[in-house]
Amino acid sequence: MTEAVERRGLQALKDAIVAYWEPRGATPDQLAAFRARQLRSALDFMPLLMLACISEAVVMYLLFHEVSHAAVRAWTFMVVGLSSGWAAFWWYFKLGARRDTAPRLHVRLAMLFAAVLAILFVGLPFHLFPLVDADARMLLVALIAGHIGIGAFKLAASPPSALTWVAILTVGSIFVLCQVDTLMSRVLLLFLMVYSITIAATAMAASRLFSARLMSEAKLSRQSDVVRLLLRDFEAQSSDWLWETDARGQLKHVSSRLAQLLGRSAEGLRDASLVDLIGQTFGDVKRPSDQAHLAMLQAQLDKALPFRDQVVTVSVGGFRRWWSLTATPLLDAKGRLMGWRGVGSDITENHQREMEMRRLASIDSLTGLANRHQFRLGLDRLSQIRPTQDHPPVLLLLDLDNFKWINDTLGHGVGDQVLRMVARRLESEVRPGELLARMGGDEFALIVPGGLDDTRLFARANNLLQVLREPGELDGLRIELRSSIGMARMDDTSPDAEQLLRSADVALYAAKDAGRDTARLFDAAMDHHLKARHELIQDLHKAVELDQFELHYQPQTRMRDGQIVGLEALVRWRHPSRGLVSPLEFIPMAEESGLIVPIGAWVLEQACRDAVQWPAHLKVAVNLSAAQFASRSVRDVVRQALTLSGLAPQRLELEITESSFLQDEQSARTTLQALRELGVRVALDDFGTGYSSLSYLRSLPLDKLKIDRSFVMALNHDPFGEASAILQTILDLASALGLESTAEGIETKWEMQDLASKGCELAQGYLISRPLASGDVQAFLAAHQPARLPPPEIGPSQFGAIWA
């Protein structure tokens, strides 16, 4: 048991000593390589050491051969012979076939040579020490000490050999000095032991540093191998390539990938200027952008600063390519530029993709024209250039007049086709230097750089209008377009892009206000008119808040007996400074601004409150705008008005126009049904002036048709012709569908008699009464005397003064 413990202890000590100079974590192959390096380093000074040994042997022979001739001569032969053996080992390992690895046997052989030589160098002094005088003894001790130091440092690269050398010489010197028991011997013995221990520790430390250096070199070698492998794989597999130039920009390293791209050999590209090489791909013809790229690359190479993603263009195989170059400068110890090392990438696909994205970002995807963003950039550039012509640049804004109707009735698919057709027609009229863009929706813009006086400008605008008037055919449908154009010049009234755009928009509004299908050029009066309109809209907002509206009522009579059966509510706006504002003026603005919904809700509630004060058999008719009808809350608004006023639902008649059905017929049918469930009546107002369709009359839950006054007016001019036939058809249709009929705008007795003879049931117009203020309704009802009208016996030509 004790022996086993001792063996383990000795093995642990041995492992600890060996681990001190063998790199930890090294593989067996690495250890073999380290041993080879250690031996080569230890053998570097072997010739000098052997020469010193032979020289010492000769000197010792000359000095001491007389003291002990046989021993000294034998010792001399043995030193010379062993030195020759060391020389053979040195030649075998150092000068012979290069050994990259060394087995442990070589280390043991080195230890054996060191041990034998150390025994020889301590053996002779041990033999001679008692036989010589004090001076000779000092010489022998000095020789041993010198051997300890010299050998330890010479063999430090091979720690086993160094330790063996020091240990044998130190132990031997102890035996040598112990042969003579003097004070000097004991002092020398003490110093020699301290000296030996210091040398051994120093040699071990040097060995440790040597091993650490070997480990670092091995690590760097592995890293270099990995880097070389990765670079080879990079050049073989990647579309990128490596390049290296000297300080003058001439290629020193040419990857196979770069040579392949340029269609030349790597050897043929070496020492060529990188900038010149790229420029030569285009021949003698270079675009300004190509030259600019090359100039920027040359400027980068002239600096000693790293750069990345420097784009250059090249011509490869007749095709234009884009390269991106990134590089780091190579500097010497003094910071002087020695060259460049970098990587190149072919970014053609990314560049083309980016250019396509830029193109898509600047064009309208539907029509292919410039989009609003590109238009604004062009307008900004134009505004930065002071015009030199007598007639400055002009902006034309074009808007389709009837596009909403096309979209609503024919669908958005046809609407998109119409926009593409308009774009192609306008594009055919664009001249060099002009910019045509789609601003969004059905609005287009044209920038004319200048040179057109007013006459030529209007001729140009009218030509565009005429081009768009030409009928087109899409999916078997005949499409007729009308448009309006607003124009503005870039002059003192519109000095910048923003103001120019606003001025053209004002002119476009003026063109639409003038009846559409026309063109208008901006002037200051238009701006004043628009500002006045804007102020009126602001006043309209205040009118809603301050309750500045009032209701007037126009009676409706039954034709067969002249009885008043109801009254239609008509809203009026009493402006604090302008007086009574006509509905024809503020209703369109209310619809445009969205105020028609709160105004309509007030009208509905107030009409119900007023109607409660009338006789119970009278109905009140209230118009619902298309915006009100489309509101999800319309049913709740009607129910609230009935509840708050206490009016019986059957006394309320809601008048709607055909435009309310255009967006969503199914939704309109649902809304009408919900209103009918409340008990109110529904009348179709202005029938025949909109988009009349029998499908509406057959499928929608209606109670009445109201014939627009334009048909009554036409009856005066064509009493027995087309107008009369149309009226008769409408009335027959209403009768067949079980709908009550009302004619608006009746002003003469003959009109009433003729309509009554055609089957019209109710009449409304100035003949009966003008609209009455709410406070005058009761007095009118009390004074009204119903009268039965006889059928007409003569035509209107006999009563020209009455009906003309």
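**Entry 1: the whole chain**

I began with the elements of the chain and found 30 helices and 22 strands, keeping in mind that this is a predicted model. I then looked up burial, and buried residues make up 44% of the 804 residues in the chain. For the accessible surface I noted about 41300 Å², with 57% of that area belonging to carbon and sulfur atoms.

**Entry 2: helix α27**

I turned next to helix α27, residues 722–736, which has 15 residues and reaches 21 Å from its first C-alpha to its last, close to the 21 Å expected at 1.5 Å a residue. Which residues of α27 are buried? I listed Ala723, Ser724, Leu727, Ile730, Leu731 and Ala734. Seen down the helix axis, the buried residues of α27 fall within an arc of 130 degrees, so they line one face of the helix. On the other side of α27 I found Glu722, Thr729 and Ala736, which are exposed.

I then asked what the buried residues of α27 pack against. The partners are the strands β18 (681–687), β19 (704–707) and β20 (740–743), together with the helices α26 (709–717) and α28 (749–758). After α27 comes Gly738, and I noted that its phi is positive, near 75 degrees.

**Entry 3: helix α21**

I looked at helix α21, residues 596–611, in the same way; it has 16 residues, and its reach from first C-alpha to last is 22 Å, close to the 22 Å expected at 1.5 Å a residue. The buried residues that I wrote down for α21 are Ile596, Ile599, Gly600, Val603, Leu604, Ala607, Cys608, Asp610 and Ala611. These residues cover an arc of only 165 degrees around the axis, which puts them on the same side of α21.

**Entry 4: a nonpolar patch on the surface**

I searched the surface for nonpolar side chains and found a patch formed by Ile54, Val58, Leu62 and Val80, with about 310 Å² of accessible area together. Helix α3, residues 46–64, gives the largest share of this patch, three residues. Val80, in contrast, is found in helix α4, residues 69–95, and at 30% relative accessibility I have to count Val80 as partly exposed.

**Entry 5: two aspartates with positive phi**

I went on to backbone angles, bearing in mind that most residues other than glycine have a negative phi. Asp517 has a positive phi of about 55 degrees although it is not a glycine, and I located Asp517 in the loop between α18 (497–513) and β12 (519–521). Asp547, which is not a glycine either, has a positive phi of about 60 degrees, and its place is the loop between α19 (524–546) and β13 (549–558). I looked up the accessibility of both: Asp517 counts as partly exposed at 25%, and Asp547 counts as partly exposed at 46%.

Terms used:
Residues numbered from 1 in each chain as written. Predicted model: local features only at pLDDT ≥ 70, side-chain atom pairs only at ≥ 80, totals over all residues. Heavy atoms only, no water. Helix = DSSP H or I, 4+ residues; strand = E, 2+ residues; numbered from the N terminus. Buried < 20%, exposed > 50% of the residue type's maximum accessible area, 1.4 Å probe, protein only. Areas by Shrake-Rupley, 256 points an atom, 1.4 Å probe, with all protein chains shown as cover. Patch = residues over 30% accessible without salt bridge, like charges linked within 9 Å, V, L, I, M, F, W, Y side chains within 5 Å. Salt bridge = Lys/Arg side-chain N within 4 Å of Asp/Glu carboxyl O. Expected span 1.5 Å × (residues − 1). Arc of directions from axis to C-beta. Contact = heavy atoms within 4.5 Å.
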